[in-house]
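Reader: I would like a close look at one part of this model, and then its surroundings. Please give the cut-offs as you go.

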Amino acid sequence: MRLKKARRVRLLLFAALSLSLATGLMGYALRDGIEYYRTPSQVLSDIPSSSEVFRLGGLVERGSLVRSPGGEIRFRVTDGAASIPVQFSGIPPDLFGEGRGVIAKGRIAAGEFMASEILAKHDETYVPRALAGSAPSGQGTR
């Protein structure tokens, strides 16, 4: 009887160790793949170093979008409580525009967020332009 009890204890210890090891390995593998974004209020309350790359998320502030002929775009990202100026060189996504959701990846330099990548967000009422004409009444592009 004692032998069966010792075998069960060893089996439970082995299972717990295996589960802990698997969880640790999964966490290690996903450490670079999980990226959350920070709102302007969070960034201003705890300003990151100029070498830290992070994601900034919020809405493109209305009236702040300025496009230069050289392809540079300047705008402000707001969360309703605070806003941060953003500079981006490149081609923005089709859904990018004033009053719309945006996530920008980059770093802070001289009080301005220098974006290397811009991702536009849309809500559940988005309808592609190709389907906008055939959308039921009350729906369309935003």
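What relative accessible area does Arg74 have?

Author: Arg74 has a relative accessible area of 34%, which makes this residue partly exposed. Here buried stands for under 20% relative accessible area, exposed for over 50%, and partly exposed for what lies in between, with a 1.4 Å probe and protein chains only. The model is a predicted one, in which local features need pLDDT of at least 70 and side-chain atom pairs count only at pLDDT 80 or more, while totals for chains, interfaces and linings use all residues. Residues are numbered from 1 along each chain as its sequence is written, and side-chain values use heavy atoms, without hydrogens or water.

Arg74 forms a salt bridge with Glu112, with 2.7 Å between the closest N and O atoms. Arg74 belongs to strand β4 and Glu112 to strand β7, so this pair links parts of the chain that are 38 residues apart in sequence. A salt bridge requires a side-chain nitrogen of Lys or Arg within 4 Å of a carboxyl oxygen of Asp or Glu. Strands are DSSP runs of E with at least two residues, helices are runs of H or I with at least four, and both are numbered from the N terminus. In contrast to partly exposed Arg74, Glu112 is buried, at a relative accessible area of 16%. Shared partners connect Glu72, Arg74 and Glu112 into one network of salt bridges. As background, side chains of opposite charge can pair when their charged atoms come close.

The structure holds 4 salt bridges. Glu61 sits in the loop between β2 and β3 (66-67), so the bridge ties together parts 15 residues apart in sequence. Arg76 counts as partly exposed at 30% relative accessible area, and Glu61 counts as partly exposed at 26%. A further salt bridge joins the side chains of Glu52 and Arg38 at 2.4 Å, N to O. Glu52 is in the loop between α2 (40-45) and β2, and Arg38 is in strand β1 (residues 37-38), so the parts tied together are 14 residues apart in sequence. Both ends are partly exposed, Glu52 at 27% and Arg38 at 25%.

The strand that carries Glu112 also has pairing partners. DSSP must find at least two bridges between two strands for them to pair. β6 and β7 are antiparallel, with 8 bridges, and Lys105 stands opposite Glu117 in β7. β5 and β7 run parallel and are joined by 3 bridges; the bridge partner of Gln87 is Met114 in β7. The hairpin of β6 and β7 has 2 residues between the strands, and Ala110 there takes a positive phi near 55 degrees. Ala110 is exposed, at 88% relative accessibility.

Next comes the nonpolar core, meaning a set of buried Ala, Val, Leu, Ile, Met, Phe, Trp, Tyr and Cys residues joined through side-chain atoms within 4.5 Å. The largest has 17 residues, of which Leu56, Phe75 and Phe113 touch the most other members. β2 (54-60), β4 (72-78), β5 (83-89), β6 (101-109) and β7 (112-120) each contribute at least two residues to this core. Beyond four places in sequence, Phe113 is in contact (heavy atoms within 4.5 Å) with residues including Phe54, Leu56, Ile84, Val86 and Ile108.

Some figures for the whole chain put this in context. The protein chain has 3 helices and 7 strands, in the order α-β-α-β-β-β-β-β-β-α. Of its 142 residues, 25% are buried.

Confidence is expressed as pLDDT, the predictor's confidence in each residue, from 0 to 100. The mean over the protein chain is 84, and 82% of the residues score at least 70. Confidence is highest in β5, at 95, and lowest in helix α3 (residues 129-132), at a mean of 65. Over residues 137-142 pLDDT stays under 50. Where pLDDT is low, the predicted coordinates should not be read in detail.
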